[in-house]
Each structure stands twice: as structure tokens, then as C-alpha cells.
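Here is a set of questions and answers for working through one protein model. Read each question, look at the structure, then check the answer.

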Amino acid sequence: VSRQLKEEIRRGFARLEDPLAGLLAMLESSSDWKGKGHSLGYCITTELQLWIKEHPAVPQSGTKLKKLQARVLGMLSQCPANLLDPLISIYQLHTADRNYLLEHVSHLYLQGNYKEAAILSIKLKLQPDQDVEKMCTPLLLQDKANLVEDYVGEHPELQRKLLQTLDTWCDPNFNIRDITRPYQGLSRYKPEKFNRRVLSKLVFRLLERFSIDPALCPNVINQRHLRTLNYLFYKRFVEKTMSEEIWADHIQSTVGENRWLQEKLLRALLRHCGPAGAARWARHCRLPPELLPPDPLHPDPLHPDLAQELQQLHTHDRVEEVTKADNDEDSKKKDYYQLPIPRENIHFLQTWEETLQCWEKVLQPGQVVGVDMEWKPSFGMVGRPRVALLQLALKDEVFLLDLPRLLEQAEPEGDQEKLPRFMQMLYSDAAITKLGYGMSGDLSSLAATCSALKDTEKQMQGVVDLLAVDKQVDGRSPERSHDERGVRQPEKGLSLLVQHVLGKPLDKTEQLSNWEKRPLREEQILYAASDAYCLLEIYERLCKDPESFGLGSDLTESLVGKQSKKPRAKKQLNKQEAPSPSGQECQGPRTEPSGPPAPVSPREFSVVCDNMLQGLGRYLRCLGVDVRLLDNEDDHRKAAEIARQEGRVILTSGLPYQTLRSQVGEGRCFSVNCSEKAKEQALQVLRHFNVQVSLSDIFSRCQ
């Protein structure tokens with residue numbers, strides 16, 4: 001709005017004997033204000049709102065104001081959303097008679113203006129005096145769940161009433177048509193959006209948003225547990241990827257003492273593994289005979305075969321296996337990735353004394369750490385999972401941190417900051433390379449476990465998320481393989497990446513096990529250690545030969561460069577890597593980032609070239625630069641040793657840059673674009689370090 005128009009509007013207010021009545025007269029006689037956006041009517045209304053704040057004598061009271069309020073209420077159901085708040089404020093509708101306001105909203109509702117009635121109720125805070133089921137039902141039928149959330153947003157009692165109503169509708173015995181029948185002629189009615197599955201999802205969303213105990217909604221929780229049961233049976237008996245021990249553990253925690261779920265379990269067991277398996281679980285759950293599933297072929301409610309099995313169990317104290325166990329575990333190991341370190345180098349840490357010793361090893365400059373986390377599968381229940389195990393893998397050993405136990409010990413000692421302090425030091429230190437796979441999800445769960453870590457992702461430096469490689473590696477089509485149990489499921493995710501880079505997939509059998517249960521089984525310990533350690537081996541293999549996996553030789557930008565785009569805390573800004581003129585990164589800040597370094601001659605400039613840059617090294621030597629070249633069989637880390645001993649700058653590319661830059665001084669490691677020819681690479685280096693080449697420098701060194 002132009003300044004001139006604002007001034008004209010304010011002069012108009014000043015000339016009016018009754019600005020409030022004048023505004024209403026204008027709005028009632030104009031159609032412009034009903035449109036969307038900032039109409040002239042909107043501009044005048046908001047200017048009056050500001051003008052009133054500057055002239056507090058203007059607001060009226062008594063009979064005259066009540067008449068104006070009645071006129072405004074008649075307009076509110078038609079006005080655009082952006083005018084509601086200004087009009088309510090100007091005409092002080094929050095002071096109007098509450099019964100009168102409720103009557104007006106009820107009139108809107110009876111006219112079928114359900115959305116308008118709800119919005120006005122929210123603005124005037126009328127919800128405690130309304131029927132939440134009556135107000136929200138037509139909104140849900142019109143697929144306006146977000147408006148329903150807003151309606152109950154600030155009223156815990158209404159949240160509970162709404163959730164109980166929704167849970168009643170999700171009862172399998174409830175006829176949902178009883179709800180929809182009165183609204184058959186409803187405009188914008190979307191019956192496909194009004195079913196138990198959609199309502200169930202809404203219930204879980206509301207439970208999480210408002211932090212309400214799920215026990216308030218038994219029908220929805222039971223249905224979700226039933227879906228979990230079906231999923232567990234699929235994993236065990238159809239896909240055959242879950243061991244009986246893991247399966248049994250999840251079955252017990254899912255079913256618990258719930259008789260309805262126990263009955264569903266027995267029905268499923270009879271379908272999948274016959275009377276023997278059902279008998280075992282009937283005994284385990286201590287089910288009375290009247291709850292056992294009937295045999296469809298026999299009138300007797302108790303399955304005859306099941307009764308016989310129960311009798312045998314009772315007599316001989318014998319428990320049959322639910323399924324034939326696959327005992328050939330050792331033979332299948334040859335098909336999967338195996339840890340290359342001895343078992344005694346895997347440490348399960350449950351005390352702070354042990355953990356602090358671990359941290360001393362991890363927080364070393366130049367360290368490369370594989371990081372992974374495990375938590376108990378939630379199977380779609382409310383809330384984010386809490387991390388039960390944190391894995392830190394170094395070259396020669398793996399540490400498994402029992403987070404629940406450590407956090408429990410820290411609380412009475414007043415040391416709640418120990419874990420957050422370590423994790424922040426680890427993730428914010430650019431001198432330590434952290435490897436992960438889908439780190440964002442891990443850090444979300446870590447934040448749910450320890451709220452002090454919620455901003456860790458914003459402060460990350462020196463992080464390589466191999467999920468980015470997962471999206472770039474060539475030839476990663478899922479491969480099926482066969483074993484004695486039938487068709488094994490195609491590999492995916494990290495397991496497929498491990499298979500492609502290291503030759504064998506991960507054994508993911510333990511992935512869905514209960515990571516909160518103690519003690520951990522040996523299989524869980526080995527799985528957890530492998531999940532973190534394989535990241536080190538993938539990283540090392542890709543560093544040595546990225547091209548053979550279809551990757552560009554310079555992976556720095558794609559894997560780590562994205563981290564530099566994340567916002568940093570102000571105190572860390574001076575620690576960011578300064579980009580070179582070529583767009584590559586050189587580790588560490590510059591004293592004067594806006595200006596070039598002091599000129600240097602080729603004879604004063606000494607470098608060590610990584611083994612993928614031998615062409616660049618030879619070209620620089622032609623120009624008189626003091627160059628040392630790594631041989632093809634040399635490890636990349638040898639470049640750091642030479643650089644420290646002889647005061648050389650490291651020239652490297654791709655993933656090795658992340659490791660090498662942390663092992664030398666600031667500005668002493670430079671990442672070169674490997675996709676360019678040696679001449680362009682040389683020009684890039686000379687420009688970055690301001691090396692001034694003269695005619696006498698060319699061929700001044702022995703070639």
C-alpha cells in the first residue's frame with residue numbers, strides 16, 4: 001500500500017464522527033473486500049486497526065457497540081480469513097455476550113457452513129461450550145483434519161473427547177454409516193477419506209502431537225497391534241527373514257496380556273503352523289478353553305487336535321517348536337559380510353569409566369569413525385524411537401555404548417551433559433571424519449533420546465553420509481540369491497551397497513530385534529559391530545578406486561559439500577572452509593579471506609601429489625614446482641606423513657581429502673577437480689596458492 005494512500009485513509013478516519021460505523025457501512029456496500037488477497041477494503045480495515053491503537057479514545061461501549069457487533073457477526077462468515085482478526089479486534093467481539101456468539105455460530109452450523117462455524121469458534125475461543133463431536137464430524141467428512149486439529153489445539157479436555165470419539169468409530173463392530181448417513185448431501189463430502197484406516201492414522205497423529213497416553217484409544221491400538229502381528233507372521237513364515245527367537249520376542253511384547261490379541265495370535269498360528277504351534281502358545285498365554293479359536297470343520301469350539309496337543313504339553317511338560325528352525329547358521333555365514341577384527345576387539349560399554357576411555361580414542365585428530373545406532377522397532381506406534389545402542393567403529397576395534405544404561409547412571413550423579421558434550425564434540429570437529437548411512441534419521445532418534453542433542457545436525461562438520469554414495473554407485477540393481485530356505489529377498493539399502501563395494505551383503509537378520517532387551521545376544525553384538533565397521537571398509541575402498549564404481553573421482557562436493565550449506569552457529573563461522581577460486585575447498589580459514597595469499601615462486605612452493613594426480617604432479621614439475629609423487633600402491637595417508645615431515649602442501653581429490661585435510665595444518669591440503677586435464681588442474685593450483693611462474697622456472701627441475 002502506498003504511503004499516500006495510507007495517509008489519505010487516516011485523514012478520512014479523522015474526519016468521521018464514528019469511524020467504526022463508517023468502516024462497516026463501507027464494507028457492507030462494497031463487494032471488493034470479499035475477494036482474496038489485500039483488497040482496498042482489507043487495507044482500510046488494517047489501517048483503522050493501527051489508527052485505533054494510536055487513538056485509544058475511539059473504541060465504544062454499551063448499546064451502540066453491541067449493535068455494531070451484531071452487524072459485524074453477520075459479515076464474518078463471508079469475509080476472507082485475513083480480515084477476521086482485524087474485525088474481531090476493532091469491534092471487541094471477545095467482550096460480546098458469549099451466549100449471543102454461540103447462538104450465531106450455531107446458526108452458521110445449521111446452515112451447513114461448518115468450516116466457517118469452526119473458524120469463528122476458534123477465533124472467539126468458544127470451543128469449551130460446544131459439542132466437539134458435533135462440530136468436528138462434518139469437517140472430517142470434508143477432509144478438513146487440519147482444521148479439526150486447530151479446533152482442539154489449545155483444549156486438552158476436548159483433545160481427549162475427540163480421540164475417544166474417533167477410537168469408538170474405529171471399533172470393528174461400529175457401523176460407520178451411522179455417522180455418515182445424516183451428511184449424505186454435504187457439499188465437498190469425501191467418503192473415501194472417512195474410513196477406519198484414515199481415522200486410525202489421524203488418531204496416531206493427534207496422540208503424538210498432543211502427547212496423550214495411547215491407552216485412551218484401545219480400539220486403534222489393538223488394530224495397530226494386529227497389523228504388527230500380521231507383519232511379524234509375514235516376516236517369519238512368508239519372507240522367512242526373521243529368526244524364531246527375534247519373532248517370539250516381538251510376539252510376546254506385542255500381544256502381552258491382551259486376550260483379544262492372544263486369540264488373533266492363536267488363529268494365525270493355526271493357519272501357519274498347525275495345532276502344535278498353537279498349543280505351545282496357548283500354554284504360554286494361559287488361555288482358558290472358551291477363548292481358543294473354533295475349528296471350522298468341527299462343531300466343538302475347542303479344536304480336537306489342539307486339545308490333544310494341550311493335553312500332551314500338560315502331561316509331558318513338552319513344548320513343540322512353532323516352526324522347523326533353520327540350524328544351518330554357520331553355513332550361511334559364508335554368504336554374508338564378516339567382521340575382519342577379532343571378537344575381543346568388540347567392547348560393550350555400560351559404565352562411564354569404560355565410556356570415557358573409549359572417547360579418548362575416538363576424539364583424536366585425523367580419526368575416521370564409523371557411526372551407527374540401533375533402537376527397538378516401533379511398528380508404527382506413537383513417538384520417535386529412542387536409541388538403545390550407539391556403535392562407534394575404529395580401524396582396530398568397535399565400541400557399543402549402552403545408551404539407556406549410561407543415561408540412567410548419569411541422572412543421579414548430575415552428569416546429564418556427558419553424552420551431549422561428547423556427541424557435539426564428535427560431530428562438530430572437522431578434524432575427525434564421521435561415516436554414516438542415512439545420518440539424518442539416526443540423529444532424529446538421538447534427539448528423541450536426549451533433547452540436548454536436537455541441534456547436532458546443524459553443527460555437523462567432517463561428516464560423510466554414504467547414503468549419498470548409495471544413490472550414485474553404478475550397477476546397484478537388487479540381486480536375488482537362493483538358499484536352502486527358498487528365495488532370499490533382494491538386498492537393499494546399506495546391505496546392497498556393502499554387497500556391491502565389498503562383495504557380500506550384510507546379514508540383516510538381527511535388524512528388527514529388540515535392542516532394548518538386556519543382555520544382548522551374541523548375534524546382536526556381531527550385527528551391531530558389523531553395521532558400523534563396514535562403513536570404514538566401504539569408505540576405504542571408494543577412496544582407492546572411485547571410478548570403478550561409476551563415481552566421479554572428486555566426491556567431496558557431493559558427499560560433504562552439502563554440509564557447508566547448513567546454517568552454523570555464529571561462533572563457528574570462522575571455522576568454515578574457505579572456498580578456493582576454483583570452487584574446491586581448502587581446509588581451514590584464511591587470515592584474509594577476501595584477498596589472495598602473498599605471491600610465491602615455483603621454487604619456494606613444494607607439494608606432495610596423491611597417487612590419482614600423477615599427471616598433475618609431472619606438469620607442475622615442468623613449471624619448476626618441488627613435487628613428490630605417491631606411487632600407485634601407496635596408501636593415501638602416506639601423503640600426510642610426507643607433508644608433515646617436509647612441510648609440503650597435499651594435493652588430492654575426492655574422499656581422501658576429508659581424511660588428509662585433518663592431519664595437516666590449516667590451508668595445507670587442497671582438493672583438485674579430477675575431471676579436468678593436467679594443465680587445467682595445474683592452473684587451478686597456481687591460482688589458488690598465487691604461484692607466479694616465470695620463463696626461467698620452466699624445465700628448471702630435472703624431469
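A residue is called buried when its relative accessible area is under 20%, exposed when over 50%, and partly exposed in between. The model discussed here is predicted.

Q: Which residues of helix 29 are buried?
A: Helix 29 covers residues 678–689. Buried means under 20% relative accessible area. By that cut-off the buried residues of helix 29 are Gln 681, Ala 682, Gln 684, Val 685, Leu 686, His 688 and Phe 689.

Q: How many Å does helix 29 reach from its first C-alpha to its last?
A: Helix 29 has 12 residues, and 16 Å is expected at 1.5 Å a residue. Its reach is close to that figure, at 17 Å.

Q: Which residue follows helix 29, and what is its phi?
A: Helix 29 spans residues 678–689. The residue that follows has a positive phi; it is Asn 690, with phi near 55°.

Q: What percentage of the residues of the protein count as buried?
A: The protein has 29 helices and 14 strands. Its residues number 703, and the part of them that counts as buried is 49%.

Q: Which members of the largest nonpolar core touch the most other members?
A: The largest nonpolar core has 71 residues. Those that touch the most other members are Leu 76, Leu 87, Tyr 91 and Leu 166.

Q: Leaving aside neighbours within four places in sequence, which residues is Leu 76 in contact with?
A: Contact means heavy atoms within 4.5 Å. With its neighbours within four places left aside, Leu 76 is in contact with Leu 84, Leu 87, Ile 88, Leu 93 and Leu 120.

Q: In what order do the 6 strands of the open sheet lie?
A: The pairing in this sheet is mixed. Strand 1 (346–349) and strand 6 (463–465) are the edge strands, each pairing on one side only. The order is 1-4-3-2-5-6.

Q: Which strands does helix 18 touch where it packs on the sheet?
A: Helix 18 is made of residues 352–362, and its direction makes about 135° with that of strand 4. The strands it touches are strand 1, strand 2, strand 3 and strand 4.

Q: Over how many bridges do strand 2 and strand 3 pair?
A: Strand 2 (residues 368–374) and strand 3 (residues 389–393) pair in the antiparallel sense. Leu 389 is the bridge partner of Glu 374, and Ala 393 is that of Gly 370. The pairing of the two strands has 5 bridges.

Q: Why is strand 3 largely enclosed by the rest of the structure?
A: Leu 389, Gln 391 and Ala 393 point one way from strand 3, while Leu 390 and Leu 392 point the other way. Residues on both sides are buried. Strand 3 is largely enclosed because its buried residues are 5 of the 5.

Q: Is Asp 150 buried, partly exposed or exposed?
A: Asp 150 is in helix 9 (residues 145–152). Apart from residues up to four places away in sequence, Asp 150 touches Ile 122, Gln 127 and Arg 209. Its relative accessible area is 44%, so Asp 150 is partly exposed.

Technical notes
Residues are numbered from 1 along each chain as its sequence is written. This is a predicted model: local features need pLDDT of at least 70, side-chain atom pairs count only at pLDDT 80 or more; totals for chains, interfaces and linings use all residues. Side-chain values use heavy atoms; hydrogens and water are left out. Helices (H or I, at least four residues) and strands (E, at least two) are DSSP runs, numbered from the N terminus. The expected span of a helix is 1.5 Å times one less than its number of residues. Buried means under 20% relative accessible area, exposed over 50%, partly exposed in between (1.4 Å probe, protein chains only). A nonpolar core is a set of buried Ala, Val, Leu, Ile, Met, Phe, Trp, Tyr and Cys residues joined through side-chain atoms within 4.5 Å. Two strands pair if DSSP finds at least two bridges between them. Axes are lines fitted to C-alpha atoms, for helices over the stretch in contact, and angles run from 0 to 180 degrees between N-to-C directions.
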